[in-house]
Amino acid sequence: MFTILEAFDHDHTALTLTEIARAAALPVSTAHRLVGELAGWGALERGSDGAYRIGLRLWEVGSLAPRSVGLRERAMPYLEDLYEATRQNVQLAVRDGQEGVYVERLAHPEAVRLYSRIGGRWPLHGTGVGQVLLAFAPPVVQESVLATPLTSFTARTITDPTVLRRTLAAIRRDGVAVCDGMIDLAALSVAAPVRGEADTVVAAISVVVPSPSSPGGIEPRTLVPAVRAAARGISRALGAPTATRPQPPAR
């Protein structure tokens, strides 16, 4: 059944039975039976156009994932404060393997376009939250990413492992990542780590704004204090011991 669900993604949110069977490499008869079972449970819903879409039941179950429940509840007040303070896009993400998964986002209608979505995944090397999560990931994860061809999304995406390694070291040193034009040339993100009870990094938050080289661009240094403060507030809410210590000055 998982191959059925994997047929759906951001670019394919509505599929016919034939399209599902083709994407899942299944006979139509088998796909019909499995889709029927999933629809009966509520994981899929069939629209008036005959196409299937992900059902609300699957979303309800997914929202119970341990890493997102308490995290989102504790993070939301700080995300909302950061959103109100900047009037820009705000995001919260966790790491799953070699990808960053967005578990919450607040998108301002007049801010720069966001390519992320709740539940969406992006390679760690290409985004601000992803670089933070990678910088504080176990060494085996870092080396695995560095040994894998790094996808280029724009001319500014870091695709050189040596450059990425230096970037990750700087993030660990400074406690903040600035990702300019690596997914969208018009967008820049400033991200910071969120720590949990064991003081390990469990998530990352970011604010996404117009790049300084774009109309209405914002200098990242003006955002660093607010992003750090929000990350620190969430960390404190999660019980991170270091979140109660004096914060180092912004670099």
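1. Threonine 157. In this predicted model, threonine 157 sits in the loop that runs between helix 7 (139–146) and helix 8 (161–174). The side chain of threonine 157 reaches back to the backbone nitrogen of phenylalanine 153, at 3.0 Å. Leaving aside neighbours within four places in sequence, threonine 157 touches His125, Thr151, Ser152 and Met182.

2. Six strands form an open sheet in the order 5-4-3-8-7-6, and the pairing is antiparallel. Strand 5 and strand 6 (177–180) are at the edges. Each has a single partner strand, so one side of each lacks a neighbour in the sheet. From one strand to the next, the twist averages 30 degrees.

3. Strands 7 and 8. Strand 7 (residues 187–195) pairs with strand 8 (residues 201–210) over 9 bridges, in the antiparallel sense. Proline 193 has alanine 204 in strand 8 as its bridge partner. Alanine 191 is bridged to serine 206, also in strand 8. The two strands form a hairpin with 5 residues between them. In that turn, aspartate 199 has a positive phi of about 70 degrees.

4. Strands 6 and 7. Here 4 bridges join the two strands, which run antiparallel. Cysteine 179 has serine 189 of strand 7 as its bridge partner. This hairpin has 6 residues between the strands. Glycine 181 takes a positive phi near 70 degrees in it.

5. Cover on the sheet. How many residues of strand 7 are buried? The count is 8 of its 9, so the strand is mostly covered by the cut-off of under 20% relative accessible area. Helix 6 (residues 128–135) lies across strand 3, strand 4, strand 6, strand 7 and strand 8. Its direction is about 155 degrees to strand 8.

6. Glutamate 104 and arginine 72. The whole structure holds 10 salt bridges. One of them joins glutamate 104 to arginine 72, with the closest N and O atoms 3.1 Å apart. Glutamate 104 belongs to strand 4 (residues 99–106) and arginine 72 to helix 5 (residues 66–86), so the pair ties together parts 32 residues apart in sequence. Are the two partners buried or partly exposed? Glutamate 104 is buried, with a relative accessible area of 8%. Arginine 72, at 23% relative accessibility, counts as partly exposed.

7. Arginine 121 and aspartate 96. These side chains meet in a salt bridge at 2.7 Å, N to O. The pair links distant parts of the chain: arginine 121 is in strand 5 (residues 121–123) and aspartate 96 in strand 3 (residues 89–96), 25 residues apart. Arginine 121 is partly exposed, with a relative accessible area of 42%. Aspartate 96 is partly exposed too, at 34% relative accessibility. Salt bridges with shared partners join Asp96, Glu99 and Arg121 into one network.

8. Glutamate 84 and arginine 87. A salt bridge joins the side chains of glutamate 84 and arginine 87 at 2.7 Å, N to O. Glutamate 84 is partly exposed, with a relative accessible area of 49%. Arginine 87 counts as partly exposed, at 39% relative accessibility.

Notes
Residues are numbered from 1 along each chain as its sequence is written. This is a predicted model: local features need pLDDT of at least 70, side-chain atom pairs count only at pLDDT 80 or more; totals for chains, interfaces and linings use all residues. Side-chain values use heavy atoms; hydrogens and water are left out. A polar contact is a pair of N or O atoms within 3.5 Å; within protein, one must be able to donate a hydrogen and the other to accept it, and residues adjacent in sequence count only if both atoms are side-chain atoms. Contact means heavy atoms within 4.5 Å. A salt bridge is a side-chain nitrogen of Lys or Arg within 4 Å of a carboxyl oxygen of Asp or Glu. Buried means under 20% relative accessible area, exposed over 50%, partly exposed in between (1.4 Å probe, protein chains only). Two strands pair if DSSP finds at least two bridges between them. Axes are lines fitted to C-alpha atoms, for helices over the stretch in contact, and angles run from 0 to 180 degrees between N-to-C directions.
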